[in-house]
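Here is a note for a colleague who is meeting this structure for the first time. Please read the points beside the sequence and the model.

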Amino acid sequence: MSTNIESHLVENRIFKPSKELSKKAHITSLAEYMELYRKSIINPEKFWAKQAGELLFWRKKWKTVLEWKEPFAKWFVGGKLNVSENCLDRHLTGATRNKAALIWEGEPGDKVTLTYQQLHREVCKFANVLKRNHIKKGDRVIIYMPMCPEAAIAMLACARIGAIHSVVFGGFSSESIKDRIKDCGARMVITADGGYRRGAIVPLKKNVDDALKDNEQIERVIVFRRANNEIHIKEGRDAWWHREMEYVDGNCPPELMDSEDPLYILYTSGSTGKPKGIMHTSAGYLLGTALTTKYVFDLKSEDIYWCTADIGWVTGHSYTVYGPLCNGATVLIYEGAPNWPEPDRLWELIEEYGVTLLYTAPTAIRAFIRWGDEYPNQHDLSSLRLLGTVGEPINPEAWMWYHTVIGGGRCPIVDTWWQTETGAIMITPLPGATPLKPGSATLPFFGIDAAVVDDQGEEVPPNVGGKLVVRKPWPSMLRTIWGDKQRYKKQYWSEVKGCYFTGDGARRDKDGYFWIVGRIDDVLNVAGHRLGTSEIESALVSHPCVAEAAVVGRPDEIKGQAVVAFVTLKEKEHPTPELREKLRQHVATAIGAIAKPDDIRFAEGLPKTRSGKIMRRLLKEIAGGGQVTGDTTTLEDFNVLAKLKGVHD
Ligand code: WT7
């Protein structure tokens with residue numbers, strides 16, 4: 001039996017960058033990319049050192065580019081800098097001083113714009129608030145905030161004084177806050193009274209209060225007034241943000257930080273077991289995010305850039321805060337739900353602010369498709385010049401919709417593959433250089449030695465699936481799992497010798513393009529054939545009636561595993577036995593009989609994490625007819641699960 005993952009879905013569409021785009025882009029042709037990539041891989045340290053010198057502002061230059069004692073890396077050893085100074089102060093000398101850094105709109109429609117000078121002042125003041133409350137370099141601070149400028153201000157203020165932030169997504173429960181406080185040993189929580197979501201108020205402060213019952217560890221809670229909902233203030237522990245800001249001035253020199261001083265800890269949901277505190281450090285992380293923001297989005301000074309991810313995810317850290325601000329970009333932040341008050345809110349915002357770069361997730365795109373074209377069609381989206389996706393493989397049909405309906409056929413799509421652990425984008429098109437293939441994240445970024453290998457660590461031939469690994473360290477990689485070096489080693493550096501193992505399965509086509517086939521743990525084994533989940537899902541989504549699909553295996557006496565597909569239909573479609581048969585046939589035609597689902601279950605929704613990833617583990621349990629037993633605390637909507645259990649016809 002072969003251990004390689006088979007691939008059957010063929011995608012032949014190709015979209016070349018327009019001449020006009022290429023001419024103005026940072027990287028202007030595939031040949032230029034190839035040459036730069038080749039050099040960057042022959043001598044990565046030379047490449048990264050050059051970039052670090054050009055892109056970052058150093059207080060003291062490094063002595064050694066890389067110290068590598070597998071699996072522990074130190075980049076730019078001996079160098080000193082401050083991340084907040086790189087994101088703010090350096091933009092205050094020229095015209096960017098008065099440029100909008102953050103443009104914010106709350107869900108109810110309130111608006112705030114902060115120029116670089118104003119943002120700098122707020123960050124300095126809040127950094128002084130932290131100091132006033134005895135937070136110092138190396139202390140851990142939890143940030144549990146709605147999507148508002150103050151969330152970014154809190155992060156940058158921590159960076160300014162060298163405190164290590166750990167942002168907890170505002171949709172998580174008090175249990176999650178409690179676990180994270182404990183794991184990272186935080187001394188302070190920064191939160192808000194509440195935040196708006198679908199017209200309701202999320203009681204953030206109340207959740208913090210619940211998390212802090214019987215807690216002796218947290219000395220201070222700073223509360224930003226956002227939603228004006230009633231809250232409890234615990235004397236001696238809690239303090240209002242606006243009150244604290246009255247006691248401080250706007251002068252706060254940045255703390256000199258070592259390149260390798262920790263910048264933040266971010267917990268990944270981790271579908272099983274205890275959440276992992278992914279630790280990133282200062283210089284390498286900033287370099288990775290700043291460089292990729294510049295090249296992947298082909299950033300220009302006049303852009304209005306919008307990444308829709310919440311600041312509670314790594315995408316919000318790297319591509320709303322650190323990467324764009326380090327480049328002096330103008331960033332849009334929106335507080336609420338994309339379908340509030342109507343499913344056209346995103347498109348309304350794009351029209352209103354003239355957004356030029358939009359970065360969002362496939363799961364959101366599939367929801368937009370499901371809601372209908374009439375919503376984007378009501379708005380003028382002609383300001384957009386580039387689109388991006390991240391988080392999951394994008395099904396080619398969803399890619400085509402994004403390209404046509406949102407991008408008007410004129411905007412390139414950058415399908416960016418990376419992880420919380422990688423810190424920055426790793427596999428991605430460069431808009432002026434890379435011909436696009438719908439569904440492929442295309443080629444590795446400069447300095448990233450990505451490969452697809454078999455169980456022995458040997459690179460597999462074109463179009464054979466295997467494990468996606470990175471064979472050399474890179475500056476923005478995680479340095480460890482907070483407090484658990486052993487787990488770091490085991491999780492990422494023990495599966496394939498000498499390589500960082502991503503946990504993903506992938507293949508490369510004859511042009512070297514990467515196609516992510518899903519998580520390795522989700523790969524199916526049907527009668528000795530190893531099939532990735534994403535191709536079967538893409539085949540289902542390519543049927544005009546289907547909005548979304550998730551494929552899992554069910555134990556089968558004869559075949560080992562049978563293919564079970566959970567399918568949600570577009571708004572106006574209805575589940576029927578005929579449609580089920582048609583869909584099975586559709587997969588057989590698109591991929592081959594081997595992938596034909598044994599069972600198709602229609603569902604109103606699929607169980608997802610708060611970041612939009614389908615929880616296949618739960619579907620596996622349901623498909624196998626068993627009880628859902630594992631941890632479900634990261635599940636977004638419990639109703640979906642309850643309904644799924646009842647769906648059997
Ligand atoms: C996992 C990482 C990276 C920020 C958001 C998610 C999947 C991510 C892609 C893509 C196919 C993708 C992978 C990866 N993934 N981007 N463009 N194509 N799959 O961060 O929660 O750490 O998840 O998301 O499976 O390992 P994360």
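**Notes on the model**

1. The place of Pro-341 is in the loop between β18 and α12, where helices (H or I, at least four residues) and strands (E, at least two) are DSSP runs numbered from the N terminus. The peptide bond that leads from Trp-340 into Pro-341 is cis, with omega near -5°. Another cis peptide bond joins Glu-70 and Pro-71, with omega about 5°, and Pro-71 is found in the loop between β2 (64-69) and β3 (72-77).

2. A word on the basis of these remarks: this is a predicted model, in which local features need pLDDT of at least 70 and side-chain atom pairs count only at pLDDT 80 or more, while totals for chains, interfaces and linings use all residues. Residues are numbered from 1 along each chain as its sequence is written, and side-chain values use heavy atoms, with hydrogens and water left out.

3. The closest N and O atoms of Arg-226 and Glu-335 are 2.7 Å apart; a salt bridge here is a side-chain nitrogen of Lys or Arg within 4 Å of a carboxyl oxygen of Asp or Glu. Arg-226 is buried at a relative accessible area of 12%, and Glu-335 is buried as well at 5%, where buried means under 20% relative accessible area, exposed over 50%, and partly exposed in between (1.4 Å probe, protein chains only).

4. The search of the whole structure finds 47 salt bridges. In the one between Asp-455 and Lys-467, the closest N and O atoms are 2.9 Å apart, and the pair links Asp-455, in the loop between β22 (450-453) and β23 (466-470), with Lys-467 in strand β23, 12 residues apart. Asp-455 is partly exposed, with a relative accessible area of 38%, whereas Lys-467 is buried at 9%.

5. Glu-548 and Lys-608 also meet through their side chains in a salt bridge, at 2.9 Å from N to O. This pair links Glu-548 in strand β29 (residues 546-556) with Lys-608 in the loop between β31 (599-602) and α19 (616-623), 60 residues apart, and both residues are buried. Elsewhere, salt bridges that share partners join Glu-105, Lys-111, Arg-345, Glu-348 and Glu-352 into one network.

6. Which residues are the closest to the ligand? They are Asp-415, Thr-416, Gln-419, Thr-420 and Asp-504, out of 16 residues that surround the ligand, a residue being counted if one of its heavy atoms lies within 4 Å. By class, this shell has six nonpolar, five polar and five charged residues; Ala, Val, Leu, Ile, Met, Phe, Trp, Tyr, Cys and Pro count as nonpolar, Asp, Glu, Lys and Arg as charged, and the others, Gly among them, as polar.

7. An oxygen atom of the ligand is 3.0 Å from an N or O atom in the side chain of Arg-519, a polar side-chain atom of Lys-613 lies 3.1 Å from an oxygen atom of the ligand, and a backbone N or O atom of Pro-393 lies 3.4 Å from a ligand nitrogen. Taken alone the ligand exposes 550 Å², of which the protein buries 88%, with areas from the Shrake-Rupley method and a 1.4 Å probe. The elements that give two or more residues to the shell are α11 (314-326), β21 (413-416) and β26 (514-519).

8. Lys-437, in the loop between β21 and β22, is buried, with a relative accessible area of 8%. Leaving aside residues up to four places away in sequence, Lys-437 touches Arg-13, Ile-14, Asp-509, Asp-511, Tyr-513 and Trp-515, where contact means heavy atoms within 4.5 Å.

9. Asn-228, in the loop between β12 and β13, has a positive phi near 60° although it is a residue other than glycine, and it counts as exposed at 59% relative accessibility. Ala-527, in the loop between β27 (524-526) and β28 (529-531), has a positive phi of about 50° and is partly exposed at 46%.

Key. Polar contact = N/O pair within 3.5 Å; in protein donor to acceptor, adjacent residues only side chain to side chain.
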